[in-house]
Structures are given as C-alpha cells and as structure tokens.
Amino acid sequence: MATLLYRLGRSSFRRRWLVVGVWAAVLVALGLGALTLSGTTTNAVTIPGTESQQAIDHLKEKFPQASAGGGTARVAIAAPDGQKLTEPANRAAVEQVVAKLKVAPQVAGVVDPFQAKTISPDGKVALAQVSYKVQAFVLTPEDRAALTSSGDPARQAGLEVQIGGDAVQGPVETQATEGIGVIVAAIVLAITFGSLIAAGLPLLTALIGVGVGMAGIMTASGFMELNANTPILALMLGLAVGIDYALFIVSRYRHELSEGKEPEEAAARSVGTAGSAVVFAGLTVIIALAGLTVVGIPFLAEMGIAAALTVAVAVLIALTLLPAVLGFAGRKVLGKKAREESADAAKTTNGERWAKFVARHRVVVLVGAVAALLVAAIPATSMQLGLPNDSTAAPDSTQRKAYDLVTSGFGEGANGPLLVVVDTEGSKDPQGAVRQAVTGIAKLGDVAAVTPPQVNATGDTALLSVVPKSGPSSEQTEQLVSDIRAQNANLGEATGAKLSVTGQTAANIDVSEKLADAMLPYLALIVGLAFLLLMLVFRSVVVPLKATLGFLGSVIATFGAVVAVFQWGWLTDLLGVETTGPIMSMLPILLIGVLFGLAMDYQVFLVTRMREEHVHGAPAQQAMVTGFRHGSRVVVAAALIMISVFAGFVLADQALIQSIGFALAFGVAVDAFVVRMTIVPAVMSLLGKHAWWLPKWLDRIVPNVDVEGEKLAQHLGDGGDAGEKVLEPAR
C-alpha cells in the first residue's frame, strides 16, 4: 500500500499540470450538469412497507380523491379579542380567503371551515384545510407566495392568519453562517502551520472536493428524488474530512522537508505514509456511510451514498491533487514556525508531556475519563424519538403560530389527526364493519373526536379522521395509534374487514419505530466491518477492540448531550436552539454512522504513528510516547477543524441540521480529546507490547498492507535515488 501510494504521489507531483487540469475539467463538467440538469429535493420522509405507507397506497388505488398524495396546508384564522368569526364582517373575510385559496396555483381542494364546521367552540378560530395536486417539494416560491397572500382579505379585516403544513416549508438551503466553520478552520490551520500557503492548501483542495461532490449530487437530483438533507450532510462531511486529510499529508510533507528531503521526494513519501492512513481512515467513513443502505430506509440510504461518494472524492483529491499542488508550492509551505520547530526538534513538546503524564497516572486517568463519559451519557436514558412537525418550528414562524392557534381553538390533537382506513372488501356487511370500527375507536381513552366516515364509490373502503387529545409528538398519541391498530384483529374476526392507520402523525411514528429497530443491526454491521479493517491496518486484535469500545463511549456521551440540549432545553439560549422536543428519529442512526467513521480517522492517524515507531524497533512504551508526540498536534488541529465546521451548522434554521451539527461537533470533541487523546494512550501504556498481539494463525492469513511504510522504508533506504527505483516498474 505505502509503496503504491508513494508512486502515485510522485507521479502526481511530476505531472502536476495534467492532474490539476483533469480535476478542473471534472469540476467544470459537473458544475455545468448541476446548473442545467439539477432538480428539486424533498422534505418527505417515507419508508415502504410500513402500515401507514401501505394504507396510503391502498387509498391511492381505491379512494384516490381522498388519498394524501400531495402537499397540504392548514390555514388558521383567528378573531381579535372581543369578536367572533361568526360575525358577518369576519365571516365574509374568511369566505374571501377560502375563495382565493381555491384558485391559488396547484391547489386541488379547500375545505371551507363553515361548511366542515371546523370553527372552534368559542367561535374565535377557524381552520381551513388545503390540499395540493403535487407534493410540497414541487411547489415553487410563487406557489407558496400565493398561499400566503390568500390570507390578505382576513388580515385587512383585522383577523390573524397563520399557515402550517408541509406546503409552507421551502427547500433546505445552505446559509452564510455555516461558512463560519471554514473561517475558524483557516485560523486553526494558519496557527498550526505558521504559513498562509500551508494553511491555504488544505482549504483549497477541500473546497474543490466539496465542489465536485455537491455538483455531482445536484446533477443526480435531476434524475432521482433526493431528500433535502442529502446535500447538507455531504457538505458537512466533505468539508471536514477534506480539510483533515489534506492537513495530515501536508503536515507529513513539511516534516519530510525539514529532514532535508527534496520537495518531490517529500511529497511522494508523505503520500506513501500519511496517505496510507488517509486511505484507511476514509474507508472506515465510507463503510459507515455506505452501511446505511442495508437498513431498509431509502432516504437514509441515499444520504449515506451521497456522503460516502463525497468522502471518496476527498480521499482521491488528497492522494492526487494535493501532491500536484505541492509541486507548485515547493518549499513555500515551510514558514518561520516550521524552521523554528526543526531547530528545536529535541525539545519536549506539549504532546509528549501529556503522553508521559498519562503513562505515569494511567489508571487514574483511564477511570476518570470513562466516568466522565458515563456521566455525560445519563440524559440518553430518557431519549424520545420523533420527526419534525409544526410544533418544533421556530417560535416566530407562521407554522408554529398556526400550531398554537389550532391548539387554543381545538386542542393540541387537532394538529395531528389520524386517518383510519377500513377495507371492507372481504366483509359481508361493510356498513356494519365501519360502524363497529367507529364505535371501538371512540371508546379509546385518548380520542377527542371521530369524524363521520367517507366511503368510496364502490363501497369497499371507508376513511375516518380521528382527532387525539394529545399532540402529534406525544407518547399518548403514539400509544393511541398502537391501540387503534390492535383492534384490527377483532374487527377482522367479527366482520372480515381490515383496519389500518395512516396520516402524517402515524407515518412519523412508523418511521421513528423503523429507525429505532434498525439502529442495533446497523451498529453491529459497521462495527464488525470496521473491526476487520482496523485489524488489517494495525495487525492487532486488541487495538481494534479498544477503538470500537472507545467509539461506543463517545456515542452514548453524545446521545446524552443531544438529549440535554434538544429535548431537555439546556444551553438553548447559548447555542441558538429555539425549540425543544423529541430527538429527530433519524439522528441516532446517522450519528452512529458518521461519528464512527470520523472517530476511526483519529484512531488511524494517532495509532498508525505509534505502530510505525514500534515496527521500526522502538519499545512499546517509547513507541506510544513518540507516536503521540508526532501525531497529537495534527489530531488536535484536525479535531478543532471538524468541530468548527460542524458547529457552524448549529446556526442553521432547520432543527435537524442544528441537531446533526451539534451532535457531530460534540461527538468529535469527546472522541478526539477524551477517547483518543486520553483513553487511548492510557490503555496503550497499560497494555505495553500486548497491545500489538495477534494470534500466530491469524498473522499468517491477514495480509500485510504496510500502512506504516516499513516496506517502503526498506525500498527507499536513505538515498535519494531510491525513489526513482520505486517509481520504476519491477523487471
């Protein structure tokens, strides 16, 4: 591996104009594709095979006029204090709103609140339901503007108009605030390298990689339906790993230059040694992300594949474009700071001091670090999962205000009605089956109301609307969905009919359950695959085991922090989090995949240098200290960069993006500074040479990929001409 990458790095350095030209052509081609072929993304979250989705499919076939196929809006109109909507002037204003809604673009139908009797008992709030011909993500800004302006007659009459539903939500967009992370990364790089050129190279190559990845994703959106969060996740990871991988190689390049190597030889050696760690670090991230395809959740699979491809691009750019750009920079990457560090190479560094301190107090340090992880994980025991709805929107948004108006007029459950589909095709008494279903549902404890059934033209499908007493995200509503579905068996035995529950609330519950059920199998899959990969890298059973256990500690601590902030409401003002509620159901499984890959990055970066020292003859304890001395500075800088990039997304408007950004920033901080920089050296010191134990029978069958560059060193020796020898094909 190291020898192959050495050749690749040297070839890229020599043919730098060709390499730069190829990547520029790829970027331009995909950029043109993104501009001309890109489509729209969707906020919809569906999982085929769930009961709610099967019920929707049944309605589309048997009762298409009642199926929830398009976008929806909920227009809440409220009278000012001392007035009622039933007063002639106010009623006329409401009817004008309904009339404008009916002729708005893409609107399929509007339910008049006076005809449907969706006026609150006190006469102060009216609710008009709007259904669209197309899904919400297809709606244009002009369509949404028409929806908003439809309420003008009521506003002019002094009434309050607020609008909720998915038709209001525009596409997820990247904000300028998210660029703060890039600025912080630039500052960290400048401080780390003491050279603007050296600091600029990782940023330049990372931005090119992100540009290629994002352009590819946007081009693909013209040919397939992509979730709106797909490009955001790819942007997060592409920036973070792109900067980090380049940082690792540039740092090694400067080290090789400081030892007197020529720029070409230094670039080749850097790609051969540090590049090997980058390849395996990237593979762990790609495995974790690509593993999302096996959990049976389409939107997560597409997010994982898109992000994995972006990471793969970052690895390729680090191995080819970066050494080519180093060919233009030459020795200019060595700033004054690097020359001072070279002169003071014999001095003890902070990293070395910390490693020696941990080695002396390894038991105390290890126990303290593990205890801190367990304490941070305590809030995770009360984690509640759900999907976003209008109740989790920003307090000053029209969606949240509409939610509050509906709650005040009709109760919180009116914001998330359940749709019950009764399939009477197999019943001898369809009407009796529907009556029995209505009676049974009405007796359940959390039911506020059951609307009269709608029956299709053929009389074999009925649709009921059930209004819970509790809100759409509450545990009581989740239990109600379960109780209604439990009646299906009795209904089938008594009448031959089938009952199923759908609607947005039920669909969200089904998605959350599916995601929760997939979490443990997915965790087992990626941990198992990565364990094998790390065993291949380190030729040890103990080091991969320690790495995965440390990752689990990082994950549970991060879950605890996410619950404390986004569910309990701790530090919300400081972090700019405007609403709290259930944790996004897709977050835990996404966090497991992404954080595992990133955690293994630091494991590979730090421990490969320890193994390199050990393989080259250093005793185990000395190898740990020396490896930590060389690797800790880069790992700290890499962690600070990742933390700053992810933390920038906490300033986003969308709750999911906020929670992902916070979770990854916190998770990286914990994993880098508590697990990798503290627990890892403590455990390595405790184990000594036993850390590199590998059974003899396993040693014979595990291939030697030479990540630490031992074979490369044997080929190269100390002579500069050896590089030419390695570059030439074997005769």
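1. Helix H4 (residues 88–102) lies across S2, S3 and S4 and runs at about 160° to S3. Here axes are lines fitted to C-alpha atoms, for helices over the stretch in contact, with angles from 0 to 180 degrees between N-to-C directions; contact means heavy atoms within 4.5 Å. Helices (H or I, at least four residues) and strands (E, at least two) are DSSP runs numbered from the N terminus.

2. This is a predicted model, in which local features need pLDDT of at least 70 and side-chain atom pairs count only at pLDDT 80 or more, while totals for chains, interfaces and linings use all residues. Residues are numbered from 1 along each chain as its sequence is written, and side-chain values use heavy atoms, with hydrogens and water left out.

3. The order S3-S4-S2-S5 describes an open sheet of four strands with antiparallel pairing; two strands pair if DSSP finds at least two bridges between them. Strand S3 (107–111) and strand S5 (160–164) are the edge strands, each pairing on one side only. From one strand to the next, the twist averages 20°.

4. Within this sheet, strand S2 (residues 72–78) pairs with strand S4 (residues 125–132) in the antiparallel sense over seven bridges. Opposite Ala73 stands Val130 in S4.

5. The protein as a whole has 28 helices and 13 strands. Its C-alpha trace spans about 95 × 50 × 50 Å along the principal axes. Of contacts between residues at least 6 apart in sequence, 80% join residues at least 24 apart. Buried residues (under 20% relative accessible area, 1.4 Å probe, protein chains only) make up 56% of the 731 residues.

Methods. Buried means under 20% relative accessible area, exposed over 50%, partly exposed in between (1.4 Å probe, protein chains only).
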